[in-house]
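Subject: Structure for you to look at

Hello,

Here is the structure I said I would pass on. My notes on it follow below.

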Amino acid sequence: MRARYGVPLGITAVGAAGLAYAVGFEVRSFRLRRITVPVLPRGMRPLRVLQVSDIHMVSGQRKKQRWLQSLAGLRPDFVVNTGDNLSDPEGVPEVLDALGPLMEFPGAYVFGSNDYYGPKLRNPARYLMEKASGRHGLNGNPPAVGVVHNPWTEIRDAFDAAGWVGLSNTRGRLKLDGIEIALTGLDDPHIKRDRYAEVAGGPESGADLSLAVVHAPYLRVLDAFTADRYPLILAGHTHGGQLCIPFYGALVTNCDLDTRRVKGLSTHEAGDHTSYLHVSAGCGTNRYTPVRFACPPEATLLTLTPQAP
């Protein structure tokens with residue numbers, strides 16, 4: 001009896017323990033990633049940029065709200081929000097409460113698909129099938145129908161009232177103690193709302209630094225930003241793979257980006273130029289899949305430093 005059932009029961013027990021850890025602990029084990037990126041002109045003082053992404057707020061997530069509020073203690077020079085703030089149409093007050101202290105700092109934002117539409121229950125295996133077929137989001141798929149429309153305009157209006165710069169298929173600037181930051185952003189490529197032709201042309205003259213911002217790091221977008229010679233691209237969307245295999249990494253990215261660059265700092269090449277790319281693993285999950293494994297929820301503090309001589 002032991003020889004016949006011992007191994008299957010052991011595997012079941014390990015699986016149950018892993019699921020309990022993913023649901024009960026890791027998904028609430030918030031972390032801060034710290035990285036340094038040498039993209040500033042020589043002689044310029046370092047800048048500290050806090051990137052928050054993929055909050056996917058659901059009403060009642062108090063620990064997540066408190067953690068996001070605590071990030072204001074980092075005193076960043078400015079904040080970049082790379083979208084997917086909601087996973088619950090009723091979550092707008094919690095999002096604004098959580099981000100309230102950060103909205104005291106200069107900031108900029110783009111939206112993701114979950115800002116516009118409520119999530120649907122879906123089979124997680126579909127992410128693997130989409131990877132195999134090369135079809136992600138609405139790229140080549142029929143438009144979404146029968147979806148819940150989130151009250152995203154309330155978030156937009158609050159961000160705008162705080163002075164944050166909206167970057168949905170447009171450009172904007174931040175002024176920081178005599179330093180001018182030019183930002184170029186796109187609406188979410190995952191649902192085909194990106195319009196690069198409206199912002200093409202590369203970094204603006206007269207700015208001390210130009211940054212590119214987008215929610216989902218699709219290759220067509222990364223190619224365009226890099227070919228236009230942006231030194232740094234900030235994105236989110238991937239959740240870092242969300243369910244990863246220890247010592248192996250992510251299985252999917254939910255877009256056409258390779259899994260090697262699913263989170264953290266990397267580079268992207270297009271034409272004769274190389275840009276830095278930072279992809280945030282985000283700090284939330286779809287409300288229907290509230291689990292993370294080997295991929296803790298995070299925000300990132302990027303310290304931008306002068307380029308090497």
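Is Arg 193 buried, partly exposed or exposed? Arg 193 is partly exposed, because its relative accessible area is 28% (buried is under 20%, exposed over 50%, partly exposed in between, with a 1.4 Å probe and protein chains only).

Before the rest, a word on the basis. This is a predicted model, in which local features need pLDDT of at least 70 and side-chain atom pairs count only at pLDDT 80 or more, while totals for chains, interfaces and linings use all residues. Residues are numbered from 1 along each chain as its sequence is written, and side-chain values use heavy atoms, with hydrogens and water left out.

Salt bridges

Side chains of opposite charge can pair when their charged atoms come close. With a salt bridge taken as a side-chain nitrogen of Lys or Arg within 4 Å of a carboxyl oxygen of Asp or Glu, the count comes to 14.

Arg 193 pairs with Asp 187 at 3.0 Å, N to O. Asp 187 has 5% relative accessibility and so counts as buried.

Asp 194 forms a salt bridge with Arg 220 at 2.9 Å, N to O. Asp 194 sits in the loop between strand 7 (179-185) and strand 8 (209-213) and Arg 220 in helix 7 (residues 219-227), so this pair ties together parts that are 26 residues apart in sequence. Helices (H or I, at least four residues) and strands (E, at least two) are DSSP runs, numbered from the N terminus. Asp 194 counts as buried at 14% relative accessibility, whereas Arg 220 is partly exposed at 36%.

Shared partners link Arg 171, Arg 173, Lys 175, Glu 180 and Glu 204 into one network of salt bridges. Arg 173 counts as partly exposed, at 30% relative accessibility.

Surface patch

Ile 245, Tyr 248 and Leu 251 make up a nonpolar patch on the surface, with about 300 Å² of accessible area together. Patch residues have over 30% relative accessible area and no salt bridge; like charges are joined within 9 Å, and nonpolar side chains (Val, Leu, Ile, Met, Phe, Trp, Tyr) within 5 Å. Areas come from the Shrake-Rupley method with a 1.4 Å probe, and for residues only the protein chains shown count as cover. Tyr 248 lies in the loop between strand 9 (232-235) and strand 10 (264-270). Its relative accessibility is 62%, so Tyr 248 counts as exposed.

Regards
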